[in-house]
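Subject: Structure for your review

Dear colleague,

Please find below the structure that I am handing over to you. My notes on what was found in it follow directly after.

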Amino acid sequence: MCFASPGAMDEYCCFVDWDKMDVSAQSQDTKELTCTDFHELKQLARQGYWAKNHSLRAKVYHKLISNIPCRTVTPDANVYRDIVVKIIGKRSSSSLPLPEFVDNSLIPTYCLNAEGIGAVRKIILCIANQFPDISFCPALPSVIALLLHYSKDEAECFEQVCRILACNDPSKRLIDQTFLAFESSCMTFGDLVNKYCQAAHKLMVAVSEDVLEVYSDWQRWLFGELPMAYIARVFDVFLVEGYKVLYRVALALLKFFHKVRAGQPMESDSIQQDIRAFVRDIAKSVSPERLLEKAFAIRLFSRKEIQLLQMANEKALQQKGITVKQKRQNVHLAVHAENFKSEIVSVKEMRDIWSWIPERFALCQPLLLFTTLEHGCSLSRFYSHSEGHEPTLLLIKTTAKEVCGAYLSTDWSERRRGGSKLSFFGTGECFVFRLQPEVERYEWVIIKHPELASTASETENHAQPASGTLSSSSILSDPSDRLSPFLATRHFNLPSKTASMFMAGSSDCIIVGGGDGQALYLDADLNHGRTSHCNTFNNQPLCSESFQISILEVWGFRDTMNG
């Protein structure tokens, strides 16, 4: 019983060990939550309105979860009472093996008492019985353990978790339940780190052989390593705003890890273990309020844009046949020293470039499509060897030994859509870079400054999409999009076209980046070029402003899974 605890009169305390709970943060004020406006609710969640009153948080969780749209037949508390005896019987739940779909996940105890710890396993086993379609859900033990702190009994907790799992609103993603969804979320997180945490990403690439394996831990940081006071605050906002919050917080964790550990030697021989330890001990360096403040200061793209990226990553995995858990490839070493040969870049430099490209293509190996040394200085031959490949990587070495290039998201055959007129195409995943004399990458200006464009779905809080935009389903049903729906300019309301001049080609020239200059301009003979600042990438000149080409190479992406 909890007679001496702050929850003495709290009906939601039967599974809580109050000696573990930070009672100093608990208020006895009896507050109610009556607002239903989404924007107001979002602000209250972010501010921690119900975080300091155990009973209020329990009631808010119950209200938010009861409002989740679910499948018609969703198991409830009565189902749990009917099946728990049949499934568990008189056996101790600790003696029963957990279903494979939790993937040997940590089962956090948080501030649960012994009865609560046992209840987590019982609820997992009953959910496995009622949801045979769940094949991979490592976050489930943490979600159950957390909700038990705010449940009157096991049956109520079971019902709330079932509602989260049975959500049937296609725009409201909550918890990954298949390996395909989970793995694509890891790839999507890697893409977001690459764009929004470039300093941390550079560190990950430097100290780990397989950076994707590090990023595959991102959900474990949240649903496993984060202390109770932190994950509860994250969950407060997650129930209101959805899955995007998880990405935000994981990115913030990585930013803090990099800030705190930058320049220090690794504490173990594994960056994964170091990050896990940092998250476990985060209270030493960052408060829950500061973590959320950092998370919401990251100006991510809209939920719709991230959904498109997730769908593209899922599609890439499906095309490679990766739909169930298997041994992970060493993605970082996709550029193999023994079979990679370029006259422009070294293996290390190519690996650095590979760390910048979208995760769905980092699964591939580089394939040389065109080189002026073998195919001659001809723009028509450039096109004939490059067309049919998407994306491509352009590398240039000047006679002054400068090295620069561009990652180009779209097949060069798209240039024909403009007829004889030179017209731009491509997506915001294009970027330009230089390697010599120093390394610098320039991405689409909208990534660094999203305020320059309002995305068509930026009114993402239950609003209808703006006219002229396409739904995610219609986008992926268009075969011309292949695996590149993310950052397509048609999903943005841009102030001017100069912000989206990615790539253009004609029989006379190639242009990458436009608007008040061109990041790269190459002539028809692939002999001379120019580079300057342009609006699309907000770049500095990539090399001497007027240069002569010594060697030019075009690389494609070979699917290592399908030959």
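I begin with a charge over an aromatic ring: arginine 441 lies over the face of phenylalanine 431, at 5.6 Å from the ring centre. Please bear in mind throughout that this is a predicted model.

Phenylalanine 431 belongs to strand β4 (residues 431–436), which pairs in the antiparallel sense with strand β5 (residues 440–443) over four bridges. The two strands form a hairpin, with three residues between them. Within this pairing, glutamate 443 of β5 is the bridge partner of phenylalanine 431.

Across the whole structure, a search finds 28 aromatic pairs. One of them joins phenylalanine 189 and tyrosine 215: the ring centres are 5.8 Å apart and the planes stand at 85°, so the pair is edge-to-face. Because phenylalanine 189 lies in helix α7 (residues 179–196) and tyrosine 215 in helix α9 (residues 211–215), this pair ties together parts that are 26 residues apart in sequence. Both phenylalanine 189 and tyrosine 215 are buried.

A further pair returns us to phenylalanine 431. The ring of tryptophan 356 has its centre 6.1 Å from that of phenylalanine 431, and with the planes at 80° the pair is therefore edge-to-face. Distant parts of the chain are linked here, since the two residues are 75 residues apart: tryptophan 356 is in the loop between α16 (347–354) and α17 (359–362), while phenylalanine 431 is in strand β4. Tryptophan 356 and phenylalanine 431 are both buried. Both also belong to a cluster linked by ring pairs, whose members are Trp354, Trp356, Phe361, Tyr407, Phe431, Phe433 and Phe557.

Another charge over a ring is found at arginine 46, which lies over the face of phenylalanine 296, at 3.7 Å from the ring centre.

Finally, I would draw your attention to helix α5 (residues 140–148). Why is this helix described as largely enclosed by the rest of the structure? Nine of its nine residues are buried, and α5 is therefore largely enclosed. The buried residues are Leu140, Pro141, Ser142, Val143, Ile144, Ala145, Leu146, Leu147 and Leu148. They pack against several other helices, namely α2 (54–66), α4 (114–130), α6 (154–165), α10 (218–225) and α11 (228–241).

With kind regards

How values were computed: Residues numbered from 1 in each chain as written. Predicted model: local features only at pLDDT ≥ 70, side-chain atom pairs only at ≥ 80, totals over all residues. Heavy atoms only, no water. Buried < 20%, exposed > 50% of the residue type's maximum accessible area, 1.4 Å probe, protein only. Contact = heavy atoms within 4.5 Å. Pairing = 2+ DSSP bridges. Phe/Tyr/Trp six-rings, centres within 6.5 Å; stacked < 30°, edge-to-face > 60°. Lys NZ or Arg CZ within 6 Å of the ring centre and 35° of its normal.
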